[in-house]
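Biologist: I would like to learn how to read charge pairs in a protein model. Where do we begin?

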Amino acid sequence: MPGETAPTGRPHVHGASAALALRASHADRDRTVDVLRRAGGDGRLTAAELDERLEVALTARTLGELAGLTVDLPLVAGGSHGTAVGVGEVLRIDQRGGSFRRDGRWAVPRRVELRSSWADVTLDLSEAVITQGALCITMDMKGGILRLVAGPGVVVNTDSLSVSYGTVEVPQAVDVEVPTTLQVELVGRIAHSRVVMRPPRRTFRQWLHRGSA
């Protein structure tokens with residue numbers, strides 16, 4: 001029922017609602033502010049609209065509040081460093097040179113559309129919020145590298161990926177004792193590029209206790 005709360009006092013949320021209800025970080029607010037300022041510079045927002053949305057963005061508490069500020073704006077703004085914002089079905093990344101990184105507690109969409117040239121792109125899934133069991137990454141990459149950081153339970157399929165003068169370093173063996181939490185499918189094409197999947201780096205505490213297990 002609406003408004004029902006769990007014993008902890010937190011509201012019951014499911015699926016995409018769970019992602020939108022996550023608390024926003026300073027980095028989340030900064031990304032939204034960047035998109036709003038670009039939209040203002042492009043003439044998509046009036047000066048009054050820009051001021052109003054910036055004020056809300058700087059005090060937003062959840063990802064849902066931030067997503068509402070950019071729902072009528074392009075998800076990707078150009079620039080040498082690339083920008084991607086929003087929580088939803090698609091994450092679009094358009095990167096020309098430089099690097100792009102998404103990590104921490106970010107909401108994994110159903111699809112990632114990646115277009116890049118001579119860029120370093122990292123998608124760290126180790127702390128990401130996974131609300132569905134499948135992710136399709138459509139690739140058009142020339143030069144550069146895509147790094148996928150993921151722990152046990154994430155399975156990557158590259159059968160539909162066309163590779164020209166590139167390498168794909170993705171483990172093929174699957175640990176049947178670990179339940180699959182996310183199936184990632186790479187489709188599209190890469191040229192003079194690398195795709196690398198690696199486990200998360202150990203924290204200092206994990207490194208200290210590596211031999212105690």
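Modeller: With a definition. A salt bridge is a side-chain nitrogen of Lys or Arg within 4 Å of a carboxyl oxygen of Asp or Glu. Keep in mind that this model is predicted.

Biologist: How far apart are the closest N and O atoms of Arg-92 and Glu-113?

Modeller: First the idea. Side chains of opposite charge can pair when their charged atoms come close. Here, the closest N and O atoms of Arg-92 and Glu-113 are 3.2 Å apart, and the two form a salt bridge. Arg-92 sits in strand β1 and Glu-113 in strand β3, so the pair ties together parts 21 residues apart in sequence.

Biologist: How many salt bridges does the rule give?

Modeller: The count is 9. One of them joins Arg-53 to Asp-72, with the closest N and O atoms 3.0 Å apart. Arg-53 lies in helix α3 and Asp-72 in the loop between α4 and β1, so this pair ties together parts 19 residues apart in sequence.

Biologist: Is Arg-53 buried or exposed?

Modeller: Buried means under 20% relative accessible area. Arg-53 has 17%, so it counts as buried.

Biologist: Now helices. Which residues of helix α4 are buried?

Modeller: Leu-63, Leu-66, Ala-67, Leu-69 and Thr-70.

Technical notes
Residues numbered from 1 in each chain as written. Predicted model: local features only at pLDDT ≥ 70, side-chain atom pairs only at ≥ 80, totals over all residues. Heavy atoms only, no water. Buried < 20%, exposed > 50% of the residue type's maximum accessible area, 1.4 Å probe, protein only. Helix = DSSP H or I, 4+ residues; strand = E, 2+ residues; numbered from the N terminus.
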